[in-house]
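Colleague: I have a new model open and would like to learn how to read it. Could you walk me through its features one at a time?

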Amino acid sequence: MTNEELLQKINDRLNECTTHDYAPANLAIALRKVVELHKPHNFLCEECTGSETVGYPCPTIQAITEQLK
């Protein structure tokens, strides 16, 4: 799943929240921010590669993707 597909999946879940679902909506927004930080650049994760070389999808994105299946 690409970074854009993952962001779209989170947005779709966020759109399913009703006005009474404040906690799930806030969690989806926070999760989206994490995915936005961990974006690919030349097959590497921009966020994780600051101190070491980490390929994309990084462990963070892999864990998120697995839970959203």
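Colleague: Where is Phe43 found?

Modeller: Phe43 sits in the loop between β1 and β2. Strands are DSSP runs of E with at least two residues, helices are runs of H or I with at least four, and both are numbered from the N terminus. This is a predicted model, in which local features need pLDDT of at least 70, side-chain atom pairs count only at pLDDT 80 or more, and totals for chains, interfaces and linings use all residues. Residues are numbered from 1 along each chain as its sequence is written, and side-chain values use heavy atoms, with hydrogens and water left out.

Colleague: What should I look for in the backbone there?

Modeller: Start with the general idea: most residues other than glycine have a negative phi, and most peptide bonds are trans. Phe43 is not a glycine, yet its phi is positive, about 65°. Asn42 is found in the loop between β1 and β2 too, and its phi is near 55°, again a positive value in a residue other than glycine.

Colleague: Now the wider view. In what order do the elements run?

Modeller: The chain has three helices and two strands, and from the N terminus on they follow the order α-α-β-β-α. Its C-alpha trace spans about 40 × 20 × 15 Å along the principal axes. Of its 69 residues, 25% count as buried.

Colleague: How do I read the nonpolar core?

Modeller: In soluble globular proteins, nonpolar side chains tend to be buried together. A nonpolar core is a set of buried Ala, Val, Leu, Ile, Met, Phe, Trp, Tyr and Cys residues joined through side-chain atoms within 4.5 Å. The largest one here has 14 residues, and those touching the most other members are Leu6, Ile10, Val35, Cys58, Ile61, Ile64 and Leu68. At least two residues of this core come from each of α1 (3-16), α2 (22-37) and α3 (59-67). The largest share, four residues, is supplied by α1.

Colleague: Which residues is Leu6 in contact with, leaving aside its neighbours within four places in sequence?

Modeller: Contact means heavy atoms within 4.5 Å. With those neighbours left aside, Leu6 is in contact with Met1, Val35, Ile61, Ile64, Thr65 and Leu68.

Colleague: And where does Leu68 lie?

Modeller: Leu68 is in the segment after α3, and it counts as buried because its relative accessibility is 11%. Setting aside neighbours within four places in sequence, Leu68 is in contact with Leu6, Lys9, Ile10, Arg13 and Leu31.

Colleague: Why does His38 count as buried?

Modeller: His38 is at 10% relative accessibility, so it counts as buried. You can find His38 in the loop between α2 and β1 (40-41). Beyond neighbours within four places in sequence, its contacts are Asn3, Cys45, Glu47, Cys48, Tyr56, Cys58, Thr60 and Ile61.

Colleague: Let's finish with charges. How many salt bridges does the structure hold?

Modeller: There are two; a salt bridge is a side-chain nitrogen of Lys or Arg within 4 Å of a carboxyl oxygen of Asp or Glu. Glu36 pairs with Lys33, their closest N and O atoms being 3.7 Å apart. Both residues lie in helix α2, three residues apart, about one turn of the helix. Glu36 is partly exposed at 33% relative accessible area, and Lys33 is partly exposed at 46%.

Colleague: Which side chains meet in the other salt bridge?

Modeller: Lys69 and Glu66 meet there, at 3.3 Å from N to O. Lys69 counts as exposed because its relative accessibility is 70%, while Glu66 is partly exposed, with a relative accessible area of 47%.

Definitions and conventions:
Buried < 20%, exposed > 50% of the residue type's maximum accessible area, 1.4 Å probe, protein only.
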